[in-house]
Amino acid sequence: MPELPEVETTLRGIEPKLVGRSLARVDIRQPKLRWLITPELSSEMLGQEITHLSRRGKYIGIHTSKGTLIVHLGMSGSLYFVPAETPPLFHDHVDFCFADDDVWLRYTDPRRFGAILWTTDDWNEHALIKHLGPEPLSEAFNVDMLSARAKGRKVPIKTFIMDSKVVVGVGNIYANEALFKAGIRPDRLAGKVSKARLARLVECIKVVLAAAIKQGGTTLKDFVGGDGKPGYFKQELAVYGRAEKPCLVCSAPLKEIRQAQRSTVFCSQCQS
């Protein structure tokens with residue numbers, strides 16, 4: 001599943017070629033994604049000039065003076081450019097076509113768990129977005145905030161930091177990696193982690209996510225960025241996907257447990 005670094009990589013890849021472009025048409029071949037793409041999307045966006053792009057959690061906002069196209073990549077979605085008139089493949093569901101360019105923006109999604117929505121209101125007030133927690137790379141995500149929200153919480157710390165109402169974008173891969181880097185067991189209760197250790201965790205989340213963005217994300221199966229290329233952070237993973245392999249720090253075999261139906265890998269020696 002594309003996580004925050006993959007979504008940020010996608011945004012950075014497509015933004016330079018989108019801003020200032022005017023949409024000539026939107027070709028919707030498969031409207032049945034997680035939510036139905038409304039037939040009005042094409043007419044609403046016709047002739048609209050794209051002014052800027054932004055990201056909130058795993059949502060990409062493609063903004064025009066009239067409204068905002070909200071895109072979520074779901075579990076297997078990608079946005080990337082193709083030469084105009086490139087025949088679509090089976091899972092290529094939507095094309096955004098421009099009058100003044102010879103490339104189109106294509107949305108592909110084999111599992112169809114993504115979303116393409118249109119709003120003419122402030123997109124930050126959309127029902128899917130307005131309750132999201134702070135961005136992890138922002139100053140709003142800090143130890144004081146995290147400590148206050150963790151107080152008394154009897155959920156595992158990994159589950160806690162993956163809650164998008166606490167902080168957005170810390171998906172399974174990066175939660176594993178940040179907790180290892182911070183030396184915190186993923187099954188330790190959030191309310192039992194000291195403020196000093198939470199400060200270390202905040203720092204590690206920021207470092208891990210920034211490094212993943214720099215590497216273009218982590219490609220495990222389907223994801224490619226806006227340039228059609230995979231991400232390379234997979235080569236930097238210390239624990240995720242390495243169950244039973246030796247810890248890179250102490251050489252003890254890494255352990256794997258299931259938390260909220262997700263794989264969790266950690267070192268019982270280095271994390272406490």
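Colleague: Which domains does the domain assignment of the protein give?

Modeller: This is a predicted model, in which local features need pLDDT of at least 70, side-chain atom pairs count only at pLDDT 80 or more, and totals for chains, interfaces and linings use all residues. Residues are numbered from 1 along each chain as its sequence is written, and side-chain values use heavy atoms, with hydrogens and water left out. Domain bounds come from an automatic or database domain assignment. That assignment gives domain 1 (4–125) and domain 2 (143–267).

Colleague: Which residues does the UniProt annotation "binding site" cover?

Modeller: The annotation comes from an unreviewed UniProt entry; positions follow the numbering used here, feature names are shortened, and annotations may be inferred rather than shown by experiment.

Colleague: Why do they not all gather at one spot?

Modeller: They span 63 residues in sequence. They do not all gather at one spot because the farthest two C-alpha atoms are 41.8 Å apart.

Colleague: Where is the place of His 91?

Modeller: With a relative accessible area of 31%, His 91 is partly exposed (between buried, under 20%, and exposed, over 50%; 1.4 Å probe, protein chains only). Strands (E, at least two residues) and helices (H or I, at least four) are DSSP runs, numbered from the N terminus. The place of His 91 is in the loop between strand E5 (78–83) and strand E6 (92–98).

Colleague: How many residues of helix H5 are buried?

Modeller: Helix H5 spans residues 172–182 and is mostly covered. Its buried residues include Tyr 174, Leu 179 and Phe 180.
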